[in-house]
Amino acid sequence: MQETGHAQLLALDGRGAVVTGAARGIGRATVERFAEAGAKCLIADLDGDLAGEAAAQINAAIDGAEVHATALDVTEPEQVEAAADLAVELFGGIDIWVNNAGIYPPEHLLETPKDLYMKILEINLLGLNLGVQSAARRMIDRGRGGVIVNLASTASFFGSGAYSAAKYGVRGITSGMARQLGEHGIRVVAVGPTITETPGMAASRADHNDGVERLVSMIPLGRPALPDDIAKAILFLAGDAASMITGVTLLVDGGHMSR
């Protein structure tokens with residue numbers, strides 16, 4: 001017996017969602033998809049002004065959208081807690097938290113100084129862990145479960161250096177937290193994008209286009225991902241269609257890892 005009609009499986013009507021690093025790229029595309037599905041969203045981004053602009057544009061473009069914005073440095077525990085409290089104030093609780101904020105410096109392993117290595121780990125791994133903790137605490141207190149979506153990468157399955165190390169860690173956090181939080185009705189999942197055409201990737205192309213094109217050439221579908229390709233996968237994982245999915249990393253890679 002079906003409990004939910006197929007038309008509602010991707011609906012997020014009235015659910016409160018926080019998306020970090022969402023002023024542009026994958027995060028913004030995710031907020032757009034969430035808003036279309038009926039979720040109330042908080043864009044939490046290091047660039048608070050750009051976050052506000054994105055929220056205003058999405059509200060203007062999508063009928064009935066309710067998108068708010070706040071500045072957030074994901075490496076500062078007090079700021080992460082404040083963003084979570086703001087979401088509770090705005091929405092009555094947190095149903096979905098997407099840990100999207102991250103950086104992708106293209107430096108080679110042998111050319112990465114300690115300060116940069118630690119910064120990559122701090123933003124991509126520690127910042128994500130702080131988000132999981134803040135979201136999960138409030139979901140547990142509310143007693144209605146929830147979904148936490150983490151951004152991993154195909155680099156969490158291969159590669160070297162700080163970025164790959166951080167993304168390997170994301171997979172570990174996702175698996176471990178899913179086991180710990182399942183009893184509270186909280187699902188923790190990750191998405192593993194391949195090369196994606198974001199502003200950050202555009203910057204990488206400017207300095208390392210040959211390397212980017214080499215990676216693109218390894219994708220069987222013959223193109224890099226677009227932010228919306230990743231956003232649609234996140235929408236699926238956040239909704240009721242994925243109600244029995246937790247602890248896994250869903251690759252959105254055009255077959256990149258099939259070789």
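**Note on cavities, a pocket and the nonpolar cores**

1. The largest cavity has a volume of about 50 Å³, in a model that is predicted rather than determined by experiment. By the rule applied here, the count comes to one cavity of 30 Å³ or more. Rolling a probe the size of a water molecule over the atoms shows where empty space is left.

2. The lining of the largest cavity is made up of Thr20, Val74, Asn99, Ala101, Ile123, Asn124, Gly127, Leu128, Leu151 and Lys167. Helix α4, which covers residues 114–142, supplies the largest share of that lining, namely four residues. Sorted by class, the residues around the largest cavity are five nonpolar, four polar and one charged.

3. The second largest pocket holds about 220 Å³ of space. Its lining consists of 13 residues, and those lying nearest the centre of the pocket are Arg15, Arg144, Gly146, Val147 and Asp240. By class, the lining of the second largest pocket divides into three nonpolar, five polar and five charged residues.

4. In soluble globular proteins, nonpolar side chains tend to be buried together. In this model the largest nonpolar core has 36 residues, and the members with the most contacts inside it are Val31, Phe34, Ile43, Val67, Val98, Ile230 and Ile234. The elements that contribute two or more residues to this core are the strands β1 (16–20), β2 (40–45), β4 (96–99), β5 (146–151) and β6 (186–193), together with the helices α1 (25–36), α2 (48–61) and α7 (227–238). Among these elements, α7 gives the most to the core, with six residues.

5. Val31 is one of the residues with the most contacts inside the largest nonpolar core. Once its neighbours within four places in sequence are left aside, Val31 is in contact with Val19, Ala22, Cys41, Ile43, Ile58 and Val67. Apart from this core lies another, of 30 residues, which includes Val18, Leu72, Leu130 and Ala135.

6. A reader may also wish to look at Ala233, which has its place in helix α7. Ala233 counts as buried because its relative accessibility is 12%, the cut-off for buried being under 20%. Leaving aside neighbours within four places in sequence, Ala233 is in contact with Leu250 and Val252. As for Leu251, this residue is 18 residues from Ala233 along the chain, and the C-alpha atoms of the two are separated by 9.1 Å.

Note on methods
Residues numbered from 1 in each chain as written. Predicted model: local features only at pLDDT ≥ 70, side-chain atom pairs only at ≥ 80, totals over all residues. Heavy atoms only, no water. 1 Å grid on protein atoms, 1.4 Å probe; cavity = no way out; pocket = protein on both sides within 12 Å on 5 of 7 lines; lining within 4 Å. Points joined across faces, edges and corners; volume = space filled by probe spheres on them. Nonpolar A, V, L, I, M, F, W, Y, C, P; charged D, E, K, R; others polar. Core = buried A, V, L, I, M, F, W, Y, C linked by side-chain atoms within 4.5 Å. Buried < 20%, exposed > 50% of the residue type's maximum accessible area, 1.4 Å probe, protein only. Contact = heavy atoms within 4.5 Å.
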